[in-house]
Amino acid sequence: MLKTLRRNDSVVPRASVVGICVFLAAITWLVFGQTLRYGFINYDDNKYVYENAEVTGNLTLHGIVWAFTHSHANNWHPLTWISHMLDCQLFGLKAGGHHFTNVLLHTIAVLLLFLVLRQMTGALWRSAFVATLFAIHPLRVESVAWVAERKDVLSGVFFMLTLGAYIRYARKQTLARYLIVALLFALGLMSKPMLVTLPFVLLLLDYWPLQRQSSWRRLIVEKIPLLALSAGSCVATLLAQKEAIGLIERLPLWQRVGNAFVSYVVYIWQMLWPANLAPFYPHPKDHLPILGIILASTLLVAITAATFALRKERPYFLTGWLWYLGMLVPVIGLIQVGMQGHADRYTYLPQIGLYFALTWAIGDLSALWHRRREILTAMAAIVIAGLTWCAWKQTS
């Protein structure tokens, strides 16, 4: 099926692909370009940039060694520190330059997502719509407009590059191509350790759309070196965050599990109705109603069961849903770091799974509609316009 999709898609004029890329870049800068005239904020930007002597000292050999050998602000992500140092080298403490880098990295991630999805599925317009949602959804604002969240957009670029390299490896399995996958994955982990679940995402892509299901044992064994990188990143992160993780003593396990169930549902609701977003949502601790926890957990179990039941007819549901659930595990609060209940920035990569599951579902369910193309085009335009306006306001 995948070969057929690619063959059909090959007749699409190159101009269409270029045009979509131009549109994606333009709409991203339309929303986030305004940040170039904004300053830093006293919400972690000081720890990460303007009061961090190692970063403001510009890009030096000493700074690079420090980035790899020290943890700071409860994080070990050397490539992120180095990117901040490079910004200080290029722009000094002019915040506009630092914002420029964030928007540029997000734009690159958006374009790569479109190209990677198109490569995997052969679906041009569905891939374009998913990339557009990723580009301008209001939940992306925190990751892009906040200089201290450089780790999100930088790791996002390496995440997409790893997916692209994995597609090449899946087509022709050579050691050189596998090493490129591992290298890009390692660079992503050194940008933000949240990428530890990426080997799991690759297994999901093996199922759909790559359809590499001949031997699951071989596919799992194939991921072992990548899982070893994930394990190393987890150890480095736990050591860096040992002080912040101390807060876990104040939150019993049942409170953390209950908040995790509710947070999964909250993120879905925010995706569908992105209103009243904030940079900090206090942890509810023991104030969550038991009924709310039961309803949230029941909904999650029901959706999971439905995706497994539909896996043969609609395999994208299973891949997209488990992508969402799995990628949020490191930040869902089972291991509590800080006192937030949930955070917009945590959805940066996980919600891509929901975007393409819903996009492919709507595309399939509308197959028999009269004037289908016109209706879907109008619906997409309304959704994109609404999200663009909301994201622009949220950014400002």
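Predicted model: local features only at pLDDT ≥ 70, side-chain atom pairs only at ≥ 80, totals over all residues.

Guide: Residues are numbered from 1 along each chain as its sequence is written, and side-chain values use heavy atoms, with hydrogens and water left out.

Visitor: How is a pair of aromatic rings described?

Guide: By the distance of the centres and the angle of the planes. Rings of Phe, Tyr and Trp (its six-membered ring) pair if their centres lie within 6.5 Å; planes under 30 degrees apart are stacked, over 60 edge-to-face, the rest tilted. The whole structure has 19 aromatic pairs. Phe134 and Tyr348 form a tilted pair, because their centres are 5.0 Å apart and their planes stand at 55°.

Visitor: Which parts does the pair of Phe134 and Tyr348 tie together?

Guide: Phe134 is in helix 8 (residues 124-136) and Tyr348 in the loop between strand 2 and helix 19 (352-365), so the parts joined are 214 residues apart in sequence. Helices (H or I, at least four residues) and strands (E, at least two) are DSSP runs, numbered from the N terminus.

Visitor: What kind of pair do Phe356 and Trp360 form?

Guide: Edge-to-face, because the ring centres of Phe356 and Trp360 are 6.5 Å apart and the planes are at 85°. Both residues lie in helix 19, four residues apart, about one turn of the helix. Phe356 is buried at 2% relative accessibility, and Trp360 is buried at 6%.

Technical notes:
Buried < 20%, exposed > 50% of the residue type's maximum accessible area, 1.4 Å probe, protein only.
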